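Please look over the model first.

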Amino acid sequence: MAEFLDYFRKERLPHIWCPGCGHGTVTGALVRAIDRLGLDKNNIVLVSGIGCSSRAVGYLDFDTLHTAHGRALAFATGIKHASPNLKVIVMTGDGDCTAIGGNHFIHAARRNIDITTIVMNNSIYGMTSGQYSPTTPHGMLATTAPYGNVEYDFDVCGLAKAAGASYVARATSYHVTLLIDLIEKALQNKGFSVVEALTQCPTYFGRKNKLGGAVETLNWIKDRTVNVKAAAALSPDKLEGKLLIGELYSGQRPEYTASYGEMTAKVQRTYNDYKGGNRGCELNSD
Ligand code: SF4
């Protein structure tokens with residue numbers, strides 16, 4: 001087991017997240033999951049887009065790529081395609097992943113490409129001063145929704161599962177032990193894995209909605225959730241308005257880069273046959 005700080009670029013610390021922000025907790029959970037699994041950090045690539053959460057990769061001492069807004073999964077797909085043996089992890093926020101990056105998200109899930117995606121969902125655009133995002137709950141306040149958000153929010157996990165992700169889970173920055181466990185499982189899944197981490201942005205979401213400080217905002221998040229195992233014993237009225245946390249879906253589907261590799265090997269064999277004089281072969285033959 002490495003020292004915790006060995007996973008960080010110490011020269012980049014202290015971080016610039018606001019006091020009480022939940023992104024540090026999620027970043028710590030990812031590092032602990034990697035450490036528990038004993039993964040070789042030289043075989044890991046961390047990719048992020050733009051936003052407060054995406055700053056995480058700048059603090060972490062792995063091969064990292066801090067890309068354009070919404071494009072983390074596009075870059076990650078290219079990396080995984082070029083080097084399927086790498087462990088590719090995306091750290092993204094709710095705006096980055098489900099607004100401008102929404103199409104990349106659903107298509108990465110559809111392909112079931114072997115990328116672990118941590119979606120840090122604080123229900124608001126923090127870095128650009130509190131605009132509402134696709135995950136801002138209906139009726140909640142934001143800089144651009146001073147009378148309440150008229151839109152309804154995405155269920156990030158429901159979206160990922162419906163689009164084809166083979167591992168889907170949710171926790172919060174309050175339920176840290178659960179969060180580490182779920183990230184650990186996601187990292188072991190061979191396919192597209194999504195862990196949604198509900199996090200607190202006290203500076204914008206908490207303040208705009210008069211929830212109080214970091215602790216009160218974190219408690220507000222905690223009170224919105226129910227563990228999926230406990231939920232099985234609860235009546236529908238007790239689950240009204242609640243988000244389930246825990247492992248929400250785990251299934252087996254062919255992984256994209258493995259299927260792509262098989263296809264290119266088949267093409268190569270067909271080409272070799274052709275060069276070898278078997279001119280009657282068909283491109284789609286085995
Ligand atoms: Fe965290 Fe919000 Fe501050 Fe961004 S603005 S660092 S999300 S608390």
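Predicted model: local features only at pLDDT ≥ 70, side-chain atom pairs only at ≥ 80, totals over all residues.

**Salt bridges and surroundings**

Residues are numbered from 1 along each chain as its sequence is written, and side-chain values use heavy atoms, with hydrogens and water left out.

**Salt bridges**
- Arg 36 pairs with Glu 184, their closest N and O atoms being 2.5 Å apart.
- Arg 36 lies in helix 1 and Glu 184 in helix 7 (residues 176-188), so the pair ties together parts 148 residues apart in sequence. Helices are DSSP runs of H or I, at least four residues, and strands are runs of E, at least two, numbered from the N terminus.
- Arg 36, Asp 181 and Glu 184 are linked in a network of salt bridges.
- Glu 184 is buried at 16% relative accessibility (buried means under 20%, exposed over 50%, partly exposed in between; 1.4 Å probe, protein chains only).
- Arg 36 is partly exposed at 43%.

**A buried loop residue**
- Thr 199 sits in the loop between strand 6 (193-198) and helix 8.
- Its relative accessible area is 2%, so Thr 199 is buried.

**Ligand shell**
- Residues around the ligand (a heavy atom within 4 Å) include Trp 17, Cys 18, His 23 and Tyr 204.
- Helix 8 (residues 202-208) gives the largest share, three residues.

Key: Salt bridge = Lys/Arg side-chain N within 4 Å of Asp/Glu carboxyl O.
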